Structure formats: C-alpha cells, structure tokens
Amino acid sequence: MIAEAGLGALWLGAALCALQLVAAVLAVRGDAQLTTIVRPVAVAQAALTALAFGLLIWLFVRVDLSVALVFENDHSEKPFLYRFAATWGNHEGSMLMWVAILGVAGAAVALFERKLEERTLLATLGGQAVIGLGFYAFLLFASNPFARIYPAPPEGRGLNPLLQDPGLAFHPPTLYIGYVGLSVAFSFAIGALVTRDVGPAFARAMRPWVLGAWIFLTLGITAGSYWAYYELGWGGWWFWDPVENASLMPWLAATALLHSVTVLATRDGLRAWTLMLAVIAFSMSMVGTFLVRSGILTSVHAFAVDPRRGTFLLALLFVYIGGALALFGARVGTVREGARFDPLSREAGLVANNLLLSAILGIVLVGTLYPLIVEAATDTKLSVGPPYFNAAAGPLALILVAVLAAGPLLRWRRDHMLPLLKRIAPAAVVALVVLVAVKLAAPSIHILSLLGLALAGGLALASVAPLWQRNLRRTPLFIWGMVVAHLGVAVSLAGMACDSSFTVEKLVAARVGETVAVGPYSITLDAVEPTFGENWQALQATLLARRGEGNVLKLSPQARSYWAPPTETSETAIHTALDGQLYTVLGKEGADGRWQLRLWWKPFVTLIWAGGALIAIGGTLALIGRLWRARRRPRELWL
Amino acid sequence: MKPRNQRLTLALLAVGAVIAAALLALSALKDQAAYFYTPSDVAKAHLQSGAAVRLGGMVEKGSLKRLPDGISITFAVTDNAASVPVRFKGIVPALFREGSGVVADGRFEPGGQFVAETILAKHDERYMPPEIAGAMHKSESLKK
C-alpha cells in the first residue's frame, strides 16, 4: 500500500503542479481571484512530493522487496544508515529527490518571498511549475520509483559498495539542494522577463535564493571532493570527471550570478546579463542532471543505462533552455538599460569576474561535451582529462584570483588608479615575497603552482583588507561574509598548490616488518590480517608510522570484499596532521609474500577542503546578514 | 560613453572572452584528448609514440605477469581479434583480473611498448563500462 500511496501522491502533485501553472498564467494576465490560490497550491504540491519521497525512504528503510527499486538497491543486512541513504543511491530515487526539492523550493518561494512585486512572484511560481511538470513527467513515465515486482524476491541485491559510506547520506542531498535551488533563480528570471520588472528591488529579492543554493553547491562539491579523495584511494581530490564537471559548471555560473546580482542590487547595472546568468546557472544544473542521469557517462554516478531516459532528459533540456533563451531574446530589448559605470570601478571588477568565470565555464563545458559530441557525430571514442582542463582553465583561474584580490578594494562607480595602487600594494608585496621565497626554496616548482602560492598569499591579505580601518563591531555581517569567503579561496588555492607541488608518493612492495620512508614519516608494515564488518570481509594491514621521535601512529588500510553485491574495494587509511595528511593504500599480495603499498605524504592538502568550508561559511554569514537587514526594513511590499 | 555603447562594449567583451576561451579550449583539446582504441584499432592505426591513448578490452587469460620489483605488472589487452601488451606500475583496481574488462589510459613508448598510467576495471559484477561492452561487441560481430 505504501508504494501505491507514494505513486498516488506523485500523480496528485503533478496535477497540482499543472493547476499551479494555469492559475499563475491567468493571475499574471489579470485574474484577481486566482492570485490567491497560486501560493497555497505551490505549498500543497511540495507537501505531496515530499510525502512521496518520505514514503520511498520508508520503503527502503523497511526493505520492502516487493518494490523493484528496493530489490535492486537495498539489502536487509545493510546498516540502517545505508538502507536510508540507498533511497537516493539509484536513478529513480535520486530523481524523486530532485523533484521533491524542486517542489519544496517553489513552496519556500511561495511562503517566504515578500520583497518581490506580486505579479513577478506569480510569474516566478508559474516558471517553477513549468520546470516541475517536465520532471514529474520524467518520473512518472520514464523513472517510476514505486514500480512493484511480483513475486517479491527473498533478498535485495544491495548497494554499490563504493556508495556504502557515510558520505552518501550527505553529499547527494546537499548537492541536489544546490542544483535544484538554482531553479528559483531561473524562475525569477522568467518571472522578471514576463513582467519586465528588473531592477535593484528584484535583485535584492533574488539574491538570498541564489546565495542559499550556492552555499549548498559549495558544500556539496567540497564534500564530494573529499569523498572521492578518501574513497577511491587514488590520492587525488579532483579528477575532471564529467560528473564532477557537472557539479562545477552550475557552481561557476552561480558564482558569477551572485556577483552580478550584487551589481544589479547596488548600482542597478548589468540587468540583462544578470537575467542571462540566472538562466544559464540552472541550465547548467539541468545539463549536469542530463550528463549524470541519462546513463551516457561511465561512472559510479551513472546508475542506469536506458536510452529512453537519455532522450527524455535531452528533450526536457532543449525545451527549457531553448524556451528560456527564446523568452530572453524576445524580451531583453524591452529591459531598460541599467546604470553606467567607469572602466575602473567595483562594477568593472565584477564584470571582469563574470567574464572570467564565464570563460572558465565555457572551457569546462567544451571539454565535458566534446567527447560526447565527437562520438555522436563520428563514432570515435575519446576522453578529455586533466591535461586539457588544467592547461586551459588553470591560467584563467589564476587571473580570476588576481582580479578577486583587487575587486573588493575598488570603489563603486568610479575609482582612480593611484589610490587604488596604494590600496593593493601591501597584497602585491606579499605575493611577490611568497613568489621569491617559494622559487628559492623549490626551484623546480611548476609555474602554475608557484603563481598559485604567490596569489594565495596576496589574496589572503587582500581579502581581509576591506576590514581595514573599519569598526569591526559595526561592520555589516555580509561584509564579513565576503571577507571569509574570499579568504576561503586563498586557503583552498594554497592547499591545491601545495598538494600538486610538494606531495611525496611512494609505491613499494614491502615484506611484513619492512620500513619505508615517506616525507617526514617512516612507516613499518607490521602485519596483514583478515577482518570483517557487517556486510564485508577484508584484509587489513597494520602500518606503524612515526615522525622523527614522535608517537607511533597506527594506520589500517584495507582491501575489502563485499558480498551484496559481490565487489571488492580498497579502503584508505589517512592520518591528519596539522601540516598535511599521510595517506595509505593497501594493494595486492605478490607471489613472494610482499605486499603492495601506496603511500603519500600530502603537505597542507586539508586546506583545500578547509577553504571550501570557509567559502560556504562566508556565504552563510552573507545570507544571514542580508536577511537580517531585510527584516529590519519596513515591509511595505508585503500585501 | 553613451548607454547603448556601454552595453555594446560589454557584449563585445563577453563575445571576445567566449571566443578566446573557445580557441584556447580547442587548441588544448587537439593536443590533450585521449582517443579510445580497441586492440584491433591499434593494429590498424599507425599511432605516434607519446600520443595519449585509451586502450580498452579484456585482460587476456594467461598474460598477467608480475615483475620482480613487486609493483609492476605486464599483461595483454585483447578484443579476441588482436591483443596489445601493456606495462603498468602501481596498484591495480580490486576488480582487475584476467578475463575481465579493462580500460588502460597511457601512451606508446618509442619502442612500441604501451605504458599505462591509470587502469580502470569494471565497477561491479553487474556493470561493464560501455566502452568495453562496445569493444567486445565489435570484435564479436567482426568474427561472424
């Protein structure tokens, strides 16, 4: 019954979504009676999809094997956390989560958005309903999560062991909230294009929504990167895998949007461009969904290979992106020109930020889609990997960091060269000192890493410079947010540069008792013994690591075998020190009794994710600051 | 600057940035894209040494050998029509074994030896990378 109830809730939600669209369209065209029902319908629709999603979670936790999806992905011997998280560790479940978040995002707009002009808000909710309808159709016609099987099998097939990690419980929901949260910005842009109401008030209304989605995207990407780092056992934290790119592209667009919407809110500039970015940001989310969910990619994320689904998603993609761009093309001429600004001004700095982010986005998009397009056109298979992305996007990213250091020191509207240089000088000096010092200490360092470290040093100082000569207690929270987020970029960049240039890697075949030196550590292979867990057994190495005369650390990397489904994985063992991580992987046993070990010393690698966390914290501070400010203003716009 | 002009300037800048990015991207793509080959393709194509190659097929039965250093292996990748010997230094994926699917990323050395930098094996028992499935299917239909 639960599965049928879930399916019923989904159909009802779809029907309400259609009603929401019709009511919104009529209300925008002037039907005063219908204006009152659009908001409640949006909320009811969200409640129904959330209910459907909740019911699916319930089926997974209870391991109801008469439901095909549960049979395919669940197993009664799995720990509770993985039965719970297995709900979205598959195609149908994750799409249902997508739709549920979409509905809840729309409901949040209906409930909490008070600053937006009423007609624009109605049009926005209409836009949200249009997106919803397509994805309801995708769920109900091509990805029904509640399909039954008869007779019910005695046991489920289990979850891909690579996904059996606490990360599964947090990473996908976080990322999806970010992905789908951008739909609100998209719908805002549609709403504004429909009613031609673009200006600072619109931008101030849109900004918290963009910020919220962007915070979740940042967290999701950071968490996903760390997950891949320790789960895959390859020692890397970013592989330019198409699935990673699928999450990076909306983030790049959302970051650009976040900055352009500030220009619109503060100076009434970049009107059309901001709308365009809002469309692009969610379009990138949909491109990402298509890449990950259509099954055209080979990866742990590609759960299902079903050409019908790919075609369906591709059709949705064309309809929505094409439709939004057509609306943009038709209406953009009537959007009034925004305020002008000087080539040397905060606005101009933010334009540079936007251009660079867009260029990087373009490079990532080209590199990600190129293999797919070439294969479709010529049947030649190829792959584009780190050499391309690093070479093409790396230099632009460094220029972006330089602009980022200077940007917050620029004055709005018009600035002058000489005072600006004075403001930037300390950061430039720091960057130069770091550059020289690093070059002297490590002459053979790669140029990108060298510049990365130098710029990170300069940016670290420049990012806190806006606090200079301010009364810290009276500094608005969103300024703190900006400072913390920009500092996070410096921290993360320093981590990336350190990891790529100072990492020490050892690949050895060691006998039990043998000692190997890696970076500052000497590591002894003490024993290799069998061990087991709830649904796996493993060979576990005991490594004793010692740094100089310090304490002996014990690390236990494993080679695991799962039995549902039968799969082998390698579990890394990582020791985190203040100045880096010791990362160990156990390989296979050789014929002569030696064990393969892969050992890394990664100086300051943790800064990469610490920086990501700082960026998200900065975003959160800014969001709280903005909302707090909005609260204290009179609510003349609320009916 | 007149308002129109500023909008136009910005638009031109944006278009310029996109074109520059695209040019940068395409020139890098030309050098850096790794093409996918099956062993039969390798036999037919005249590959330059040093070019990035993705070699896909099955690990040939009886070909896997460990070298004395304990961490290097050699094996042959086959699609049942041709086979290519591969050398690899490192820890192979848990599911790498004779008779199962593999994708080896690497380059041909001047002597003609293929050296893999990374090795991907099929993820789990139910799953085979589409590239490998395609390569096997192709060689099977060739034999018919």
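**Core.** I started with the largest nonpolar core, which has 249 residues; Ala185(A), Val210(A), Ala253(A), Ala254(A), Leu257(A), Ala281(A) and Ile360(A) touch the most other members. By nonpolar core I mean buried Ala, Val, Leu, Ile, Met, Phe, Trp, Tyr and Cys residues joined through C-beta atoms within 7 Å. Buried means 20 or more other C-beta atoms within 10 Å of a residue's own, exposed means 12 or fewer, and partly exposed is in between, with C-beta atoms placed from the backbone. Helix α8 (residues 200-232) of chain A gives the most to this core, 17 residues. Helices here are DSSP runs of H or I with at least four residues, strands are E runs with at least two, and both are numbered from the N terminus.

Ground rules for myself: this is a predicted model, where local features need pLDDT of at least 70 and side-chain atom pairs count only at pLDDT 80 or more, while totals for chains, interfaces and linings use all residues. Residues are numbered from 1 along each chain as its sequence is written, and chains are lettered from A and ligands numbered from 1 in the order in which they are written.

I then picked Ala281(A) and listed its contacts (C-beta atoms, placed from the backbone, within 7 Å). Beyond neighbours within four places in sequence, Ala281(A) contacts Leu182(A), Ala185(A), Pro250(A), Ala253(A), Ala254(A) and Leu257(A).

**Interface.** Next, A against B: 42 residues of chain A are in contact with 38 residues of chain B. On the chain A side, α12(A) gives the most, with nine residues. That side divides into 22 nonpolar, 14 polar and six charged residues.

Pairing needs at least two DSSP bridges between the strands. Leu382(A) sits opposite Tyr35(B) in β1(B).

**Sheet.** In chain A I traced an open, antiparallel sheet of four strands, in the order β2-β11-β10-β9. β2 and β9 (573-577) of chain A are at the edges with a single partner strand each, so one side of each has no neighbour in the sheet. Eight bridges join β10(A) to β11(A). One pair I noted is Val585(A) with its bridge partner Arg598(A) in β11(A).

**Loops.** Which peptide bond is cis? I found one joining Tyr150(A) and Pro151(A), with omega about -5°. Pro151(A) is in the loop between α6 and α7 of chain A. Arg148(A) is in the loop between α6 (118-142) and α7 (167-195) of chain A. Arg148(A) is partly exposed, with 16 other C-beta atoms within 10 Å. Leaving out neighbours within four places in sequence, Arg148(A) contacts Ala3(A), Ser66(A), Val67(A) and Ala68(A).

Then phi. Most residues other than glycine have a negative phi, and most peptide bonds are trans. Arg413(A) has a positive phi near 75°, in the loop between α13 and α14 (417-441) of chain A. Asn80(B) also has a positive phi, near 70°, and its place is the loop between β4 (72-78) and β5 (83-89) of chain B. Asn80(B) counts as partly exposed, with 17 C-beta neighbours inside 10 Å.

Key
Contact = placed C-beta atoms within 7 Å. Nonpolar A, V, L, I, M, F, W, Y, C, P; charged D, E, K, R; others polar.
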